[in-house]
Amino acid sequence: MIRAVIRRFADRLAETPAAFHWLRKLPEGNYRETKRRIAAVRDDLGAPRVLDLGCGAGEYAELFDPALYLGMDIDPGYIAFARSRHPKHRFACADVTTWSGEENGFDLVLVNGVLHHLGDAEASAFLCNAHRLTRPGGTLLVIEDVRLDPPTFAARVVHFLDYGDHIRTLPRWQALVSAITPIARSETYVSGICPYHLMLCSKPVR
Ligand SMILES: C[S@@+](CC[C@H](N)C(=O)[O-])C[C@H]1O[C@@H](n2cnc3c(N)ncnc32)[C@H](O)[C@@H]1O
């Protein structure tokens with residue numbers, strides 16, 4: 001009962017991009033640890049053409065050259081909010097599972113905090129398209145909330161409030177991603193009080 005009320009409150013918040021965005025910054029430690037890792041991948045790639053799938057409020061756009069960045073989200077409210085925050089960057093509204101964008105078109109495809117909202121079939125379809133859009137030799141970077149075993153108390157609270165119903169364990173994340181593309185590097189870390197798992201996949205050059 002209490003859980004249902006709290007979840008309904010969290011769902012409501014998620015419908016309001018600005019409120020949800022600013023509220024999330026606190027438990028996430030202002031995304032500092034995640035941004036540091038994404039910036040390191042960017043630097044390894046030089047000046048990559050970036051596709052940020054399920055970009056939400058466009059929190060990571062600032063890490064990239066506006067001319068080389070495209071953020072995409074299914075939610076028009078989030079896209080409008082992202083555009084207002086980053087007027088020089090490009091954003092588009094589409095369902096990533098079916099978007100027919102340019103095959104092999106991007107050096108870096110970022111999937112951050114999206115798949116834990118999706119069941120296995122939809123998450124696999126999302127990843128398949130993300131992989132298709134990555135150029136051979138390019139990088140698919142997946143970062144998701146992870147269920148630790150045993151969970152810390154803080155992670156329990158954060159995951160209880162999270163409106164994503166598919167926060168997976170480490171083996172389940174690795175199975176989901178490696179069924180589509182080999183994982184070159186895998187790392188669990190904490191940003192603020194939120195545990196994450198990062199999977200870096202290099203698309204083979206054929
Ligand atoms: C928790 S937010 C993460 C936003 C952003 N990546 C970040 O880390 O700040 C998840 C986002 O994925 C988007 N999303 C979920 N399913 C999607 C789909 N099929 N196509 C495009 N976006 C989707 C949601 O609208 C939401 O904005």
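**Exercise 1.** Which glycine just after H3 takes a positive phi?

Solution. The model is predicted, with local features requiring pLDDT of at least 70 and side-chain atom pairs counting only at pLDDT 80 or more, while totals for chains, interfaces and linings use all residues. Residues are numbered from 1 along each chain as its sequence is written. Helices (H or I, at least four residues) and strands (E, at least two) are DSSP runs numbered from the N terminus. Just after H3, the residue with a positive phi, of about 90°, is glycine 46.

**Exercise 2.** Assign the two sides of H3 and find what covers the buried one.

Solution. A residue is buried if 20 or more other C-beta atoms lie within 10 Å of its own, exposed if 12 or fewer, and partly exposed in between, with C-beta atoms placed from the backbone. In H3 the buried residues are Thr34, Ile38 and Arg42. Seen down the helix axis, they fall within an arc of 70° (taken over the directions from the axis to the C-beta atoms), so they line one face of H3. An α-helix has 3.6 residues a turn, so residues three or four places apart point the same way. The other side of H3 holds the exposed Arg32, Arg36, Ala40, Asp43 and Asp44. Cover for the buried residues includes strands E4 (106-112), E5 (134-147), E7 (185-191) and E8 (194-202).

**Exercise 3.** Which residues have the most contacts inside the largest nonpolar core?

Solution. A nonpolar core is a set of buried Ala, Val, Leu, Ile, Met, Phe, Trp, Tyr and Cys residues joined through C-beta atoms within 7 Å. The largest has 44 residues, and Leu53, Val109 and Leu110 have the most contacts inside it. Two residues are in contact if their C-beta atoms, placed from the backbone, lie within 7 Å. Leaving aside neighbours within four places in sequence, leucine 110 is in contact with Ile38, Val50, Asp52, Leu53, Tyr60 and Leu141.
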